[in-house]
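Let's take a walk through this fold together, one region at a time. Keep the viewer open as you read.

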Amino acid sequence: MARPRVFVSSTYYDLKYVRADLQRFIEDLGYDPVLNEKGHIPYGSDEKLETYCYKEIELCDIVIGIVGGRYGSDSHHNKGYSVSNVELQSAIKKGKQLYVFIDHQVMTEYRTYQANKDNDTINYASVDDPKVFKFIDELFNLPNNNQIQSFNSVMDITCHLKEQWAGLFQRLLSEEFRKRELDIIDEINYTSSTLKSLVTYLTEEKEKGNTTIENILLNNHPAFEELRKKISLGHRIFFQNKKELREILDTVGYFDCDFFGEGNIDYVKNGINLTISDDIFDEQQNLKIFTPENWKDEYISTKTCSPPPPPSRAPRPPKATDDDIPF
């Protein structure tokens with residue numbers, strides 16, 4: 001089974017105990033640590049030793065950079081930088097997942113360096129060369145991939161990495177789930193497109209007089225699903241003519257407003273007016289064949305009805321008086 005390969009980059013002598021602890025931490029997680037002093041980097045005879053370190057970074061998934069107080073050995077590839085500096089630069093150029101940790105004392109004195117960059121007479125207690133601060137400056141100025149944390153002990157590093165890698169794993173799971181959702185949507189879209197093409201083909205075949213094709217198209221008429229949604233019915237609807245449609249609407253409690261039986265079908269239920277266009281029926285009042293492409297939303301529509309005004313009462317006759325008695 002493939003396991004993540006984690007490259008640990010730093011100067012060695014001042015940080016060898018940190019490197020050893022990180023090796024154990026990485027192995028305990030089931031990942032493969034890559035440390036130069038442990039023989040994890042294969043060297044050849046064709047190029048300088050540091051070149052093979054940079055090549056190994058390309059084969060790793062994660063790079064951990066530790067910046068301590070020592071500058072380290074000068075790089076032959078990039079003048080003015082150490083080998084560990086160039087290792088981090090290689091990781092950045094190759095887009096590796098990079099985590100940089102800076103010794104707390106170095107980070108504290110780095111603030112002093114920022115305020116005195118032009119003063120070459122200052123001696124710094126935490127580093128053996130001000131170039132360390134210069135490189136930290138470059139790391140903070142990176143536009144991205146600059147996960148930079150200070151640390152007092154290796155436990156600060158491992159705790160941060162645990163949280164970060166747990167977050168990466170959670171994101172991976174979320175993206176996998178999202179990918180499955182997108183695959184399902186793509187499959188649905190493909191199926192829908194295929195069905196539309198099939199319906200178009202069947203419509204063309206129907207025009208040639210094939211009654212079997214006509215029955216298939218009728219069974220999948222867009223009016224059935226549209227009406228089912230409009231009246232919020234839980235089961236499938238099927239009708240072949242206007243008479244059968246009226247019977248369905250009567251059954252589900254819709255009141256017929258189309259008293260003369262001509263034109264559009266108008267029904268009312270619970271203050272909702274349902275209108276079905278007469279254009280979906282032919283002269284014999286049978287349902288016409290429609291494809292999803294030539295179906296229009298306005299063929300079946302609903303709107304809220306205003307409640308009828310309360311019936312007005314007839315005026316009561318005036319109460320009779322003694323003057324009205326005819327004797």
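How many bridges join β6 to strand β7 (residues 265-269), and do these strands run parallel or antiparallel? Two bridges join them, and the two strands run antiparallel.

## Before we start

This is a predicted model, in which local features need pLDDT of at least 70 and side-chain atom pairs count only at pLDDT 80 or more, while totals for chains, interfaces and linings use all residues. Residues are numbered from 1 along each chain as its sequence is written, and side-chain values use heavy atoms, with hydrogens and water left out.

Helices (H or I, at least four residues) and strands (E, at least two) are DSSP runs, numbered from the N terminus. Two strands pair if DSSP finds at least two bridges between them.

## The antiparallel sheet

The β6 and β7 pair belongs to an open sheet of four strands, ordered β6-β7-β8-β9, with antiparallel pairing. At its edges sit β6 (255-256) and β9 (300-304), each pairing on one side only.

Helix α8 (residues 222-230) lies across β8 (272-276) and β9, running at about 15° to β9. Helix α9 (residues 242-251) lies across β6, β7 and β8, at about 5° to β7. Here axes are lines fitted to C-alpha atoms, for helices over the stretch in contact, and angles run from 0 to 180 degrees between N-to-C directions; contact means heavy atoms within 4.5 Å.

Now turn to β4 (residues 97-103). Five of its seven residues are buried, so β4 is largely enclosed by the rest of the structure. Buried means under 20% relative accessible area, exposed over 50%, and partly exposed in between (1.4 Å probe, protein chains only).

Strand β3 (residues 62-67) pairs with β4 in the parallel sense over six bridges, and valine 63 stands opposite leucine 98 in β4. To get from β3 to β4, the chain passes through helix α3 (residues 83-93), making a right-handed β-α-β crossover. Right-handed means that, with the strands pointing away from the viewer, the path from the first strand over the helix to the second runs clockwise. Strand β5 (residues 147-151) also runs parallel to β4, joined by five bridges, and tyrosine 99 stands opposite glutamine 147 in β5.

Helix α3 is largely enclosed by the rest of the structure, because nine of its eleven residues are buried. Val83, Val86 and Leu88 are among them. The cover over the buried residues of α3 includes β1 (5-9), α2 (49-58), β3, β4 and α5. After α3 comes glycine 95, with a positive phi near 70°.

Helix α3 packs against helix α5 (residues 131-140) at an angle of about 10°, with the axes 11 Å apart. That makes α3 roughly parallel to α5 (angles under 35 degrees count as roughly parallel, over 145 as roughly antiparallel, 65 to 115 as roughly perpendicular and the rest as oblique). The residues in contact include Leu88 and Ile92 of α3 and Phe135 and Leu139 of α5. Helix α4 (residues 104-115) meets α5 another way: their axes come within 10 Å and cross at roughly 90°, so α4 and α5 are roughly perpendicular to each other.

## Cysteines

The structure holds zero disulfides, a disulfide being a pair of cysteine sulfur atoms within 2.5 Å. Cysteine 53 counts as buried because its relative accessibility is 4%, and cysteine 60 is buried with a relative accessible area of 1%.
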